[in-house]
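Here is a guided walk through a protein model, meant for a reader who likes to know how each term is set. Please keep the viewer open as you read.

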Amino acid sequence: MNEQQFTPFLQQLTLLSPSQRQRLHQRLGQTELSAEEVLSVQATLQRCPHCQSTLLKPWGSSHGLPRYRCAICQKTCNPLTKTPLARLRQCDKWLTYAQTLIDGLSIRKAAKLCGVDKNTAFLWRHRFLEIANTHQALDEEGIVEADETFYLESFKGQRNLPRPPRKRGGVGKTR
């Protein structure tokens with residue numbers, strides 16, 4: 001490919017979505033994205049995470065992330081502020097650790113593979129699972145089944161019961 005054909009191709013790379021960039025990197029033979037590319041997915045903030053104002057102004061950068069300052073509350077923030085990944089270090093190892101979560105490795109094996117302490121791996125596991133917990137599917141496919149479960153109401157530890165006391169266990173009489 002000559003230079004005239006290659007230049008427009010390079011300019012179109014900025015239009016790719018993060019998943020398309022990842023596919024391109026895999027196709028080019030790279031096994032991992034750099035930390036900067038991972039964090040560039042959320043590189044721009046739309047609203048202040050503290051007061052939800054849209055009046056954010058660039059305020060330099062820190063640890064490879066752009067910082068912003070809110071014109072309303074005067075607080076600074078970065079794209080990871082008030083997210084589970086806030087204040088986590090060693091972001092170049094996050095992708096490797098995420099893959100160990102997908103593979104179902106134990107905390108100790110994941111820590112050894114990523115080159116971090118087991119306590120760090122434990123902290124990361126809970127932070128990463130918190131992210132997965134907040135993910136909501138946009139649409140469902142296939143068969144969806146739902147059922148209801150009834151539990152006996154417990155007033156354990158209360159001094160004034162709104163009903164006469166009962167013996168342990170049992171089955172609920174009504175819904």
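This is a predicted model: local features need pLDDT of at least 70, side-chain atom pairs count only at pLDDT 80 or more; totals for chains, interfaces and linings use all residues.

Residues are numbered from 1 along each chain as its sequence is written, and side-chain values use heavy atoms, with hydrogens and water left out.

Let us begin with the layout. The protein has 6 helices and 3 strands, where helices (H or I, at least four residues) and strands (E, at least two) are DSSP runs numbered from the N terminus. Read from that end, the order of elements is α-α-α-β-β-β-α-α-α. Of the 175 residues, 19% are buried; buried means under 20% relative accessible area, exposed over 50%, and partly exposed in between, with a 1.4 Å probe and protein chains only.

Now look at helix 4, residues 94-103, where Trp94, Thr96, Tyr97 and Thr100 are buried. These residues lie on the same side of helix 4 because they cover an arc of only 165 degrees around the axis, the arc being that of the directions from the helix axis to the C-beta atoms. An α-helix has 3.6 residues a turn, so residues three or four places apart point the same way. The face turned away from the buried side of helix 4 carries the exposed residues Ile102 and Asp103. Gly104 follows helix 4 and has a positive phi, near 80 degrees.

Lys82, however, has a positive phi near 60 degrees, and Gln90 has a positive phi near 55 degrees. Lys82 counts as exposed because its relative accessibility is 60%, while Gln90, at 36%, counts as partly exposed.

Next comes the second largest pocket, with about 420 Å³ of space. On a 1 Å grid over the protein atoms alone, a pocket is an open set of points where a 1.4 Å probe fits, with protein on both sides within 12 Å along at least five of seven lines, and lining residues have an atom within 4 Å of a point. Grid points are joined across faces, edges and corners, and the volume is the space filled by probe spheres set on them. The lining holds 19 residues, and Leu65, Asn78, Ala86, Arg87 and Arg89 lie nearest the centre of the pocket. Strand 2 (65-70) and strand 3 (76-77) each supply at least two of the lining residues.

Finally, turn to two places on other helices. Phe9 sits in helix 1, residues 3-12, and is partly exposed because its relative accessibility is 41%. In helix 6, residues 118-134, you will find Glu130, which is partly exposed at 44%. The C-alpha atoms of Glu130 and Leu85 are separated by 9.5 Å, although the two residues are 45 residues apart along the chain.
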